[in-house]
Amino acid sequence: MTEIIIDKRYCGPPNSGNGGYVCGRLAQHIPAGAEVTLRAPPPLDTPLATTATDEGTWELRDGAKLVATGRAVSVELARLEKASFEEACAAELLTPVKPHEHPLPTCFVCGPARAAGDGLRIFAGPLGRHAHTPVLAASWIPDPNLAAEDGLIATEFLWSALDCPTGFACNCDPQSSVVDRTPLLLGRMSARIESRPRPGDRCIITTWPTGRDGRKRTAEAALHGEAGSLLAVAKTTWIAVERDVQLGR
């Protein structure tokens with residue numbers, strides 16, 4: 001058993017951890033592709049136990065409460081979308097959630113109230129060249145304070161960067177491309193990391209919705225380097241909730 005603490009810097013809602021970051025922390029125990037299911041809001045500044053089970057899975061617990069479970073999976077996308085860095089910068093200017101309307105302004109990944117170098121400030125918006133099937137994109141230049149001991153960006157931040165953009169994509173109807181503002185929380189995320197960028201590298205995130213089933217909405221995402229190399233892919237399931245639930249109230 002090992003212990004991790006989700007620092008308050010890495011919040012999603014004000015009082016709980018960003019889903020992608022927490023998934024990435026648990027996935028550090030799982031080689032290759034991993035799938036993490038969030039079972040409860042991850043508390044901040046609290047020692048959480050990570051334990052391996054006899055079934056080969058991993059659990060993240062807050063005392064007796066199960067916070068998340070993880071397992072090894074093969075992560076393959078049905079399609080792969082790419083964009084140039086310039087296209088991604090143009091797309092994020094069209095982000096459907098404007099700063100003054102953002103429901104979680106202090107979110108580590110997509111919060112507009114976070115300063116550069118503190119939050120990731122990733123704001124996905126639609127690519128204009130996709131008229132029929134919605135595809136969103138965003139740019140990302142990882143800060144040096146996100147580097148691991150080997151000098152490359154730590155894996156949990158790649159998971160983070162692919163998290164919130166898929167939430168934006170899930171608010172685009174995959175059939176009509178109509179955008180809504182339904183409050184969502186990440187329920188499950190799987191990711192496969194191919195290569196890790198260096199601080200200051202210009203990266204591109206693309207994401208697209210893949211389906212809806214009741215309260216569940218699914219999306220996929222890819223992270224590329226500026227030259228087109230694939231860095232990571234992800235699949236997510238988001239759950240539609242009431243606004244007070246999203247805010248952690």
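R9 counts as buried, with a relative accessibility of 18%, because buried means under 20% relative accessible area. Keep in mind that this is a predicted model. R9 also has a charged partner: R9 and D118 form a salt bridge.

**R9 and its partners**

- In the salt bridge between R9 and D118, the closest N and O atoms are 3.4 Å apart.
- This pair links distant parts of the chain, since 109 residues separate R9 from D118.
- R9 sits in the loop between strand 1 (2-5) and helix 1, while D118 sits in the loop between helix 2 (85-92) and strand 6 (125-126).
- Is D118 buried or partly exposed? With a relative accessible area of 29%, D118 is partly exposed, whereas R9 is buried.
- R114 joins in too: R9, R114 and D118 are linked in a network of salt bridges.

**Other salt bridges**

- Side chains of opposite charge can pair when their charged atoms come close.
- How many salt bridges does a search of the whole structure find? The search finds 14.
- One of them joins R212 to D180, with 3.4 Å between the closest N and O atoms.
- R192 and E194 meet through their side chains in a salt bridge, at 2.5 Å from N to O.
- R192 counts as buried at 19% relative accessibility, because the cut-off for buried is under 20%. E194, at 45%, counts as partly exposed.

**Helix 1 against helix 3**

- Two packed helices are described by the angle between their axes and the distance between the axes.
- Helix 1 (residues 19-27) packs against helix 3 (residues 155-170) at an angle of about 145 degrees, and their axes are 7 Å apart.
- The crossing of helix 1 past helix 3 is right-handed.
- Which residues make the contact? Helix 1 brings G19, G20, Y21, C23, G24, R25 and A27, and helix 3 brings E156, F157, W159, S160 and D163.
- Sorted by class, this contact has five nonpolar, four polar and three charged residues.

Note on methods: Residues numbered from 1 in each chain as written. Predicted model: local features only at pLDDT ≥ 70, side-chain atom pairs only at ≥ 80, totals over all residues. Heavy atoms only, no water. Axes fitted to C-alpha atoms, helices over the stretch in contact; angles between N-to-C directions. Helix = DSSP H or I, 4+ residues; strand = E, 2+ residues; numbered from the N terminus. Left-handed = near helix turned anticlockwise from the far one by under 90°. Contact = heavy atoms within 4.5 Å. Nonpolar A, V, L, I, M, F, W, Y, C, P; charged D, E, K, R; others polar. Salt bridge = Lys/Arg side-chain N within 4 Å of Asp/Glu carboxyl O. Buried < 20%, exposed > 50% of the residue type's maximum accessible area, 1.4 Å probe, protein only.
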